[in-house]
Structures are given as structure tokens and as C-alpha cells.
Amino acid sequence: MPETALLLQMLAMLLVIGAFAGVLAGLLGVGGGIVLVPSYFYAFKTLGYDGPQLMQICLATSLATIVVTSLRSVLSHNRKGAVDWAILRGWAPGIAAGAVLGVLVASMLRSVTLQGIFGVLGLVIGLYLGFGRGHWRLGAEMPKGLRRAVLSPLMGFLSVLMGIGGGSFGVPLMSLYGTPIHRAVATAAGFGMLIAVPSVAGFLLLTVDPAFRPPFTLGAVNLVAFAVTIAMTLITAPWGVRLAHAMDPKPLKRVFAVFITLVALNMLRKALGF
């Protein structure tokens, strides 16, 4: 077992990370996963659990926290009447199906491959947050028919491969199709539930080599990191929701875009062995 002092340092880090992730989930609709996955990766690797399935543990644990965080966030947004339930109902089957496929694929990939995928997709998200414009449009309303049948499972699939909720892809998509930003952020919290619930169910069934498995890990979900993170996000997610309805988040998005871009580049560096 790792030394007590090191465990306490990791506990303190997870408390701070969890608080930050909760605020982000409510404020920007990007979900805490994009912060949690690289943070878990660093924490577990520092503790000596750097195995070929490390990224699966990080993805699964992040998605487990998103189940709770997204539920708290969507309920808070719904009290303000901001959630578009029609979009959620229409996109739910495809997103859930894509999430299940994502678990199947992620379970077969090596940790280094998932690092590379996270780095590439994280870089795309960071660049969009940094350079995307609110007036960009692909259409006047959310896609239906064939386009929805393609985009909804793709969103669920890619989100699971990154261990994130639906906000990082859902908010830009809804904005590009004319959904007001506050409604997009609120509805994306519901996307997170659709992604996280089926994917966590799948990851709980995944077998992880005991030699590289952190203590108190069920399937690929580490219960300690999950509990510590949730203890903070339950407190801070509503703060983010209140901030989202009280301020313009654009300046913060620019700063966050730089942060995510750097995190993604660092993950790519590690995946490439530099």
C-alpha cells in the first residue's frame, strides 16, 4: 500500500479537483470528466498503479461521478425551466447506444491508445472553446431523422472514450443548431446521464488485472476516488448553475480552453512516449 502521507496528498488533490469539476459541470456544461480523467490518471500513476488498463479505470471512475453530478445539475437547471426535454427524449436512444458501444471498444484498447484518443479529442474541444463563435450555425433547429441517427450515437461513443459527459460535444452541437446557450448547457446535463448510466454499468463488469488495480476498485470503477469526488461535486455543482444564470461565461471559457488544450497536449505527449 502507498505511504499514508502520499495518500493524504492524493486525497487533498481529489477534494480540490472534485470541487472544481462540480462548478464546471454547472457553469460551462462541459462536464467534470474532462478535468477528472487526466487528474485520476496522474493520481493513480503517482500511487504506482500504472498498468495497461489505467485509462479504463480513469474513464470508468469519471463516468461514475458524472451519473451523480449530471443528475444534480439537470435537476437544478430544470427548476429554472431551462432543460429542453424534447431534445433529450429524441436523442436518448442513440446516445445510450453509442455509450454502450464506447464501453465495448474502450475495454479492448490499451491505456496508451485511450490516452492518444483523449489527447486528440481534448485538443478539438479546447480549440472550439477558444476559437468558436456564438453566431456560427449549421441549422435553425436540432437535427432529426438520419442526421440525428448518426450524430446521437457518435456523441455517446466519443464521450465514453474520453470519460466525459455530453456537454463537451452536446453544448457546441446544440449551439450550432440555434439552441440558446443556457438551454444548451442545461440540456447537456441530461446528455451526461444518458452517457454515464449505461457506460458505468458496462465498466462495472470489466475485469481489471489485480496487480494494477487500486484498492477498493469494483470492475473498473475506483470507489475511493468516486466517493471523494462526489462529496465535493454535490456541493459545488449548484454553485456553477447559479453562476451560469448570473454571468456571461465567455471570458472563463477562453481561460478554460487554454487549460484543456495544454492538458490534451500533455496527454498526447505521454501517449507518444515523450
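How are α5 and α7 oriented to each other, roughly parallel or oblique? In this predicted model, local features require pLDDT of at least 70 and side-chain atom pairs count only at pLDDT 80 or more, whereas totals for chains, interfaces and linings use all residues. Residues are numbered from 1 along each chain as its sequence is written, and side-chain values use heavy atoms, with hydrogens and water left out.

Helices are DSSP runs (H or I, at least four residues), numbered from the N terminus. Helix α5 (residues 111-131) packs against helix α7 (residues 167-176) at an angle of about 40°, and their axes are 11 Å apart. Axes are lines fitted to C-alpha atoms over the stretch in contact, and angles run from 0 to 180 degrees between N-to-C directions. The helices α5 and α7 are therefore oblique to each other; angles under 35 degrees count as roughly parallel, over 145 as roughly antiparallel, 65 to 115 as roughly perpendicular and the rest as oblique.

At this packing, Leu121, Ile125 and Tyr128 of α5 meet Ser168, Phe169, Pro172 and Leu176 of α7, contact being defined as heavy atoms within 4.5 Å.

Helix α7 is largely enclosed by the rest of the structure, because 10 of its 10 residues are buried. Buried denotes under 20% relative accessible area, exposed over 50%, and partly exposed in between (1.4 Å probe, protein chains only). The elements covering the buried residues of α7 include α2 (33-46), α4, α5, α6 (145-162) and α8. Glycine 178, which follows α7, has a positive phi near 80°.

Three aromatic pairs were counted. Rings of Phe, Tyr and Trp (its six-membered ring) pair if their centres lie within 6.5 Å, and planes under 30 degrees apart count as stacked, over 60 as edge-to-face and the rest as tilted. The ring centres of tryptophan 91 and phenylalanine 191 are 6.4 Å apart and their planes lie at 35°, so this pair is tilted. Tryptophan 91 belongs to helix α4 (residues 85-108) and phenylalanine 191 to helix α8 (residues 181-203), so that the pair links distant parts of the chain, 100 residues apart. Tryptophan 91 is buried, at 1% relative accessible area, and phenylalanine 191 is buried at 0%.

Terms used: Helices (H or I, at least four residues) and strands (E, at least two) are DSSP runs, numbered from the N terminus.
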